[in-house]
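I opened the structure to take notes for a reader new to it. The entries below follow the order in which I looked things up.

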Amino acid sequence: MRVVYSKILPVPAYGILLILLSFVLLQPAAHSQVVNETAKKKFNIGFGMFDDLVLNVPSGIKTRTINQGVNVFALYNLPFGKSNFSFSFGLGMSVHNIYGNFMVNKVADTTKLVKISENVSYKRSKMTVVYLEVPLEFNLKTKSDVKISLGGKVGYMIGSHAKYVGDIADSNYMFHPGSKIKIKQAGIPNLQQISYGPTIRFGYKWIAVSCQYMLSTLFMKDHGPDMTLISVGLVLVPF
């Protein structure tokens, strides 16, 4: 007998916002053939996928090699005269997923990553953090369509949740032995509200490699692990 307990929250507001923002930002790209060259030079709209490398992980905790995330953004470009250089600013959103052998737990005023016992079989355990971001960049675009962007991003945390799918790890649950459980809990305590860090993007025409080093920690000082992220991925900028 297998009993499945599921606590699934409604689609978070930031999930809906990401879908709407992606649709709004990428719509002009689908009709880029009717956009004049002047508009193309003033705006950049993109979509990216990245992997988060997690630094300063607590002892005993292991994170997955691939922690896939997504981001969308729109930039307004201010050229420096007739040169190949420009300055850009805009708006974007990033969704960071961190998978590992842990469950998120709050003890007093501190958030901890508690290691899942090796005797417990589980399919997935992760934490997700979503930021609304303001990117700022200095850009170089060569005549051969090679593009280099250096800058940074400041983000405001608009949502988070922790998710666990696997065997019941707590004997207090009143279920049949061997039961499976799925829990999605919104609002991870003690996360930093503001994120920031330098960024670099290097590409050719509409495709680029990007990297962000998050200088801010995920959690507030003395109230959680001192973890930071390095996000490396691919960006498509069709418009």
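**Entry 1: Asp51**

I looked up Asp51 and found a relative accessible area of 17%, so Asp51 is buried, the limit for that word being under 20%. I note here that the model is a predicted one. Asp51 belongs to strand β2. I then listed its contacts, leaving out residues up to four places away in sequence: Asp51 touches Thr65, Ile66, Asn67, Ile230, Ser231 and Val232.

**Entry 2**

Next I checked how β2 is paired. Strand β2 covers residues 43-55 and pairs with strand β3, residues 68-79, in the antiparallel sense over nine bridges. Within this pairing, I found Gly46 opposite Phe73 of β3.

I moved on to the pairing of β3 with β4. Strand β4 holds residues 85-99, runs antiparallel to β3 and is joined to β3 by ten bridges. As one example I wrote down Asn71, whose bridge partner in β4 is Ser94. β3 and β4 make a hairpin with five residues between them. In the turn I noted Gly81, which has a positive phi of about 65°.

I went on to residues other than glycine with a positive phi. Most residues other than glycine have a negative phi, so I recorded the following cases. Ala108 has a phi near 55°. I placed Ala108 in the loop between β5 (102-107) and β6 (110-115). Asn190 has a positive phi of about 70° and is not a glycine either. Asn190 sits in the loop between β9 (180-186) and β10.

**Entry 2: nonpolar cores**

Which members of the largest nonpolar core touch the most other members? The core has 17 residues, and the answer is Ile98, Met127, Leu191, Leu218 and Phe219. I then looked at where the core residues come from. β7 (122-141) and β8 (146-167) are the elements that give two or more residues to this core. The largest share is three residues, from β7.

Leu191 touches Met127, Val129, Met157, Ser160, Leu218, Phe219 and Met220. I also found a second, separate core, which has five residues, among them Ile116, Val120, Tyr164 and Ile181.

**Entry 3: a nonpolar patch on the surface**

Last, I turned to the surface. Leu53, Trp206, Ile207, Val209, Val232, Leu234 and Leu236 form a nonpolar patch there, and their accessible area together is about 600 Å². I asked which elements supply this patch. β11 (207-213) and β12 (228-236) supply at least two residues each, and β12 gives the most, with three. Trp206 I located in the loop between β10 (194-204) and β11.

Going back to Entry 1, I see that Val232 of the patch is also on the contact list of Asp51.

Notes:
Residues are numbered from 1 along each chain as its sequence is written. This is a predicted model: local features need pLDDT of at least 70, side-chain atom pairs count only at pLDDT 80 or more; totals for chains, interfaces and linings use all residues. Side-chain values use heavy atoms; hydrogens and water are left out. A nonpolar core is a set of buried Ala, Val, Leu, Ile, Met, Phe, Trp, Tyr and Cys residues joined through side-chain atoms within 4.5 Å. Buried means under 20% relative accessible area, exposed over 50%, partly exposed in between (1.4 Å probe, protein chains only). Helices (H or I, at least four residues) and strands (E, at least two) are DSSP runs, numbered from the N terminus. Contact means heavy atoms within 4.5 Å. Two strands pair if DSSP finds at least two bridges between them. Patches are made of residues with over 30% relative accessible area and no salt bridge: like charges are joined within 9 Å, nonpolar side chains (Val, Leu, Ile, Met, Phe, Trp, Tyr) within 5 Å. Accessible areas come from the Shrake-Rupley method with a 1.4 Å probe; for residues, only the protein chains shown count as cover. A salt bridge is a side-chain nitrogen of Lys or Arg within 4 Å of a carboxyl oxygen of Asp or Glu.
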